[in-house]
Amino acid sequence: MPLEPERLAEIERLREESQTTRRVISPGMEARLYSVHDVLDHGFVRVIDYMGNDSSIVQAARVSYGTGTRSVKNDTGLIRYLMRHEHTTPFEMCEVKFHVKLPIFVARQWIRHRTANVNEYSARYSILDREFYVPASEHLAAQSSINSQGRGDTLEGKEAARVLDILKSDSATAYCHYEEMLESGGGKRGLARELARMNLPASVYTQWYWKIDLHNLMHFVHLRADSHAQYEIRAYAEVLCDILANWVPIAFAAFEDYRRHAALLSRPAMDCIRRMLSGERVTQETSGMSPGEWREFQSKLHR
């Protein structure tokens, strides 16, 4: 389990508590509070706190004094209009705080989204757990021959076993050396924690609190839940998508329709579509697009 039994018991005690509040709440998010959603082999995501719901978006857009709700139909129409026309500020009025446990190499991708507040577990003050991400065999793949950032064919048989053995043995050796450098006694002084951590691989797990507004969270999952994103960060993004759907169902439906499953088309792409609709046969050579852009265009047409 990603969390020890005593930690899980503590979370269950917190879930049993209830508070009286004058704030608007989201029933779906209330059900998610403190729950642990396992990700990868040792990771997790859990909601620590949140502010706002669908009506908060409407209230901000109208700058009204009440809940902002005229009717579900009117509010749905307004939220969809805001999303469709990229009026993002009202979505920034909702916020959420997560506790995330993730491998360091995933964290280094994640932190590139510089629109959140982050407080990370400090290996200068604390000792990291002996927990390393080891991919399942179906996620071991060779380097893609056409995408320098992507994966190619899945490794199988002896080759997959060889890679898994290297990953496990290297991680175990690094952690043993980490513990050895930290040890003190018998007249020797242990190495400072801030130095001993240097040898640990990027597969070791870290944890952080991550607070972000709704607009930037949707941007995060738009990029990281995409099929082209690295599997490991995509696994976290998909959990965040599920949480979003419970938190702000109207806004999330609009996000799905106008952002996540929509397609941005360039001017040459629109020109090609007009020519196709008029009956012309358009090829890459006659499209005015590069081979790479043409492949992307085709993938958008045939998803």
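The model is predicted: local features require pLDDT of at least 70, side-chain atom pairs count only at pLDDT 80 or more, and totals for chains, interfaces and linings use all residues. Residues are numbered from 1 along each chain as its sequence is written, and side-chain values use heavy atoms, with hydrogens and water left out.

**Cysteines.** A search of the whole structure returns 0 disulfides, a disulfide being a pair of cysteine sulfur atoms within 2.5 Å. For Cys-241, the closest cysteine sulfur belongs to Cys-94 and lies 16 Å away, too far for a bond.

The whole structure holds 11 aromatic pairs; rings of Phe, Tyr and Trp (its six-membered ring) pair if their centres lie within 6.5 Å, and planes under 30 degrees apart count as stacked, over 60 as edge-to-face and the rest as tilted. One of these pairs, Phe-252 with Phe-255, is tilted, at 6.0 Å centre to centre and 45° between the planes. Both residues belong to helix 10 (residues 249-260), 3 residues apart, about one turn of the helix; helices are DSSP runs (H or I, at least four residues) numbered from the N terminus. Ring pairs also link Phe-98, Trp-110, Trp-208, Trp-210, Phe-220 and Tyr-236 into a cluster.

**Burial.** The table gives relative accessibility, where buried means under 20% relative accessible area, exposed over 50% and partly exposed in between (1.4 Å probe, protein chains only).

| Residue | Relative accessibility and class |
|---|---|
| Cys-241 | 4%, buried |
| Cys-272 | 0%, buried |
| Phe-252 | 10%, buried |
| Phe-255 | 0%, buried |

Note on methods:
Helices (H or I, at least four residues) and strands (E, at least two) are DSSP runs, numbered from the N terminus.
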